[in-house]
Amino acid sequence: NSPEFIPKCRTCRRQAREQSGEGDHHEGLSSDEELTPTEVDEFQKSRDNVLEDSRKIFEDVHADFCDIRKILLKFQEWKEKLPDSYCDAYISFCLPKLLNPLIRVQLISWNPLEQNFTELEEMPWFRAIEEFSDAENVSESK
């Protein structure tokens, strides 16, 4: 790639875009990085399919076992009723692995690059974990 080759390629691509009537090119971006309308449609269909499938993942699961807040309440009850058993089970080490699939399903549609995205700290699962952690810290200080 010689330096004089690059401007010729850009000029050729610019002329091709002008002749084809494509006006949505953003100057400074590589046309190699631009998606064709077909690629955008395929991506959107694929994304929609993934989102639809993700809604079905926990369809057949009892509500007590697919809601992070309810799961954490069960662990809180266990800790309050049987603190020695709870401690011996190393629950604080197990919770991240247990909650991981539930959180990942909720994050499938999350896109921090969108203008109106929800902050992680504002998501219900985050708040539930935060409340559980606060309750755990209060009970440990007692």
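## Helix faces and loop contacts

User: Which residues of α3 are buried?
Analyst: Buried means under 20% relative accessible area, exposed over 50%, and partly exposed in between (1.4 Å probe, protein chains only). In this predicted model, the buried residues of α3 are Ile68, Ile71, Leu72, Phe75, Gln76 and Lys79.

User: Why do they count as being on the same side of α3?
Analyst: The arc is taken from the directions from the helix axis to the C-beta atoms. They sit on the same side of α3 because the arc they cover around the axis is only 140°.

User: Before we go on, what are the ground rules, including the pLDDT for side-chain atom pairs?
Analyst: Numbering runs from 1 along each chain as its sequence is written, and side-chain values use heavy atoms, with hydrogens and water left out. As this is a predicted model, local features need pLDDT of at least 70, totals for chains, interfaces and linings use all residues, and side-chain atom pairs count only at pLDDT 80 or more.

User: How many helices does the chain have?
Analyst: Helices (H or I, at least four residues) and strands (E, at least two) are DSSP runs, numbered from the N terminus. Reading along the sequence gives α-α-α-α-α-α. There are zero strands, and the helix count is six.

User: Which residue caps the N-terminal end of α3?
Analyst: Polar contacts here are pairs of N or O atoms within 3.5 Å; within protein, one must be able to donate a hydrogen and the other to accept it, and residues adjacent in sequence count only if both atoms are side-chain atoms. The backbone nitrogen of Arg69 has a side-chain oxygen 2.9 Å away, and the capping residue that supplies this oxygen is Asp67.

User: Gln76 is a polar name in that buried list; what is its relative accessible area?
Analyst: Gln76 lies in helix α3. Leaving aside neighbours within four places in sequence, Gln76 is in contact (heavy atoms within 4.5 Å) with Phe132 and Ala135. Gln76 counts as buried because its relative accessible area is 11%.

User: Where does α5 bend?
Analyst: The bend at a residue is the angle between axes fitted to the seven residues ending there and the seven starting there. For α5 that angle is about 40°, with a proline, Pro101, following within four residues, and the bend is at Asn100.

User: What is the phi of Tyr90?
Analyst: Tyr90 is in the loop between α4 (83–88) and α5, and counts as exposed at 53% relative accessibility. Most residues other than glycine have a negative phi. Tyr90 is not a glycine, yet its phi is positive, at about 55°.

User: Which residues does Trp110 contact, leaving aside neighbours within four places in sequence?
Analyst: Trp110 sits in the loop between α5 and α6 and is partly exposed, at 26% relative accessibility. A polar atom of its side chain lies 2.6 Å from the backbone oxygen of Thr118. The contact list for Trp110 reads Phe117, Thr118, Leu120 and Met123.

User: How far apart in space are Phe126 and Arg69, C-alpha to C-alpha?
Analyst: Phe126 is in helix α6 (residues 124–141) and touches Leu120 and Glu121, not counting residues up to four places away in sequence. In sequence, Phe126 and Arg69 are 57 residues apart, while their C-alpha separation is 9.6 Å.
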